[in-house]
Amino acid sequence: MKLSVIIPFYNELNLINRAVNSVVINSIFFDQVEIILINDGSFEESEIRSCFKNDIDKLIKIVSNNYAKGPGGARNTGLDILKGDIIAFLDADDFWLPGKLEAQMREIKKGATFVATSYRFDKSKTIINPPSSIDIPIDIFLNRGIGTSTVILTKELLEDHKFREIRFAQDIDFWFALAKSKKFKYAGISEVFVEYNTGGSTKNKWVQLFYVNKVLSLNNISIFKRIRV
């Protein structure tokens with residue numbers, strides 16, 4: 001079984017080695033691993049590769065973003081070229097804790113096609129738990145808590161889905177699209193397996209709230225349901 005990990009990269013030279021190392025530690029039981037690092041900034045490939053040791057460097061594909069700048073476009077570039085049976089997402093300034101993929105693959109083997117875990121923030125140590133269940137697609141909005149860097153999904157579920165080109169909340173929009181598929185089988189893991197960097201875009205909650213409402217409009221969610229969200 002092959003694992004594809006998609007990592008959007010902008011300017012996180014001081015953090016990217018930590019992120020990639022956390023993938024390597026977690027993925028030792030996969031037959032093949034590809035780490036797709038999408039360069040969305042101004043650094044040359046040689047500058048980025050200088051962050052890694054030779055034994056890790058050979059696992060990494062560095063490609064330029066072929067879509068609109070931003071994490072959604074960068075992830076779409078990765079989705080276009082991945083070859084894995086299992087797809088994982090990780091932001092360049094976040095990292096996985098040991099045991100993440102092992103726990104998630106247990107759920108995949110039980111039949112899940114989409115698995116999220118709990119995560120924590122690096123400074124406050126606040127823990128965010130994923131929903132215990134997603135019974136209908138609207139639950140993606142009603143029971144929020146799915147962190148992008150925690151998610152793995154199967155290639156079977158992905159089909160031809162892509163992230164929409166919006167600055168924030170494109171991940172929630174993407175989960176909602178996947179949740180509408182008959183192949184969507186969700187599992188949430190309450191154990192913390194990811195640490196988020198609070199210095200990134202996650203800090204602007206008001207902007208994120210605006211975009212969540214924009215995503216609701218884009219998906220024609222009724223006013224009544226928006227009030228509940």
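Student: Why is Glu 159 called partly exposed?

Tutor: Its relative accessible area is 44%. Buried requires under 20% and exposed requires over 50%, so a value of 44% puts Glu 159 in the class in between, partly exposed. Note that the model is predicted.

Student: Where is Glu 159, and what is its phi?

Tutor: Glu 159 is in the loop between H7 and H8. Its phi is near 50 degrees, which is a positive value in a residue other than glycine.

Student: Why is the pair of Phe 184 and Tyr 186 called stacked instead?

Tutor: The centres of these two rings are 6.4 Å apart, and the angle between their planes is 20 degrees. Stacked pairs have planes under 30 degrees apart, so Phe 184 and Tyr 186 count as stacked.

Student: How do you know that Phe 184 and Tyr 186 are buried?

Tutor: Phe 184 has 11% relative accessibility and Tyr 186 has 15%. The cut-off is under 20%, so Phe 184 is buried and so is Tyr 186.

Student: Which residues do ring pairs link into a cluster?

Tutor: The cluster consists of Phe 89, Phe 114, Phe 163, Phe 174, Trp 175, Phe 184 and Tyr 186.

Student: What sits over the ring of Phe 163, and how do you know that the distance qualifies?

Tutor: The charged end of Arg 75 does, 5.4 Å from the ring centre. The distance limit is 6 Å, so 5.4 Å is within it. Another case is Lys 100, whose charged end sits over the ring of Trp 96 at 4.1 Å from the centre.

Student: What makes the link between Gln 170 and Arg 75 a polar contact?

Tutor: The side chains of Gln 170 and Arg 75 are joined at 3.1 Å. The limit is 3.5 Å, so the distance qualifies. Gln 170 lies in helix H8 and, at 4% relative accessibility, counts as buried. Beyond its neighbours within four places in sequence, Gln 170 is in contact with Pro 71, Gly 72, Arg 75, Phe 163 and Arg 164.

Student: How do you know that H4 is mostly covered?

Tutor: Eight of the 11 residues of H4 are buried. They are Gly 72, Gly 73, Ala 74, Arg 75, Asn 76, Thr 77, Gly 78 and Leu 79. Their cover includes S1, S2, S3, strand S4 (86-89), H7 and H8.

Student: Why is Leu 79 called buried?

Tutor: Its relative accessible area is 7%, and the limit is under 20%, so Leu 79 is buried. Leu 79 belongs to helix H4 (residues 71-81). Leaving aside neighbours within four places in sequence, its contacts include Ile 6, Phe 89, Leu 158, Phe 163 and Phe 174.

Student: What puts the buried residues of H1 on the same side?

Tutor: In helix H1 (residues 16-26), the buried residues are Ile 16, Ala 19, Val 20, Ser 22, Val 23 and Asn 26. Around the axis they cover an arc of only 155 degrees, so they lie on the same side of H1. Among the elements that cover them are strand S1 (2-9), strand S2 (32-39) and helix H5 (100-109).

Student: Is Thr 113 buried or exposed, and how do you know?

Tutor: Thr 113 has a relative accessible area of 6%; buried means under 20%, so Thr 113 is buried. Thr 113 lies in the loop between H5 and strand S6 (114-121). Its side chain reaches the backbone oxygen of Lys 183 at 2.7 Å. Phe 184 is one of the residues in contact with Thr 113.

Definitions and conventions. Residues are numbered from 1 along each chain as its sequence is written. This is a predicted model: local features need pLDDT of at least 70, side-chain atom pairs count only at pLDDT 80 or more; totals for chains, interfaces and linings use all residues. Side-chain values use heavy atoms; hydrogens and water are left out. Rings of Phe, Tyr and Trp (its six-membered ring) pair if their centres lie within 6.5 Å; planes under 30 degrees apart count as stacked, over 60 as edge-to-face and the rest as tilted. Buried means under 20% relative accessible area, exposed over 50%, partly exposed in between (1.4 Å probe, protein chains only). A charge sits over a ring if NZ of Lys or CZ of Arg is within 6 Å of the ring centre and within 35 degrees of the ring normal. Helices (H or I, at least four residues) and strands (E, at least two) are DSSP runs, numbered from the N terminus. Contact means heavy atoms within 4.5 Å. A polar contact is a pair of N or O atoms within 3.5 Å; within protein, one must be able to donate a hydrogen and the other to accept it, and residues adjacent in sequence count only if both atoms are side-chain atoms. The arc is that of the directions from the helix axis to the C-beta atoms.
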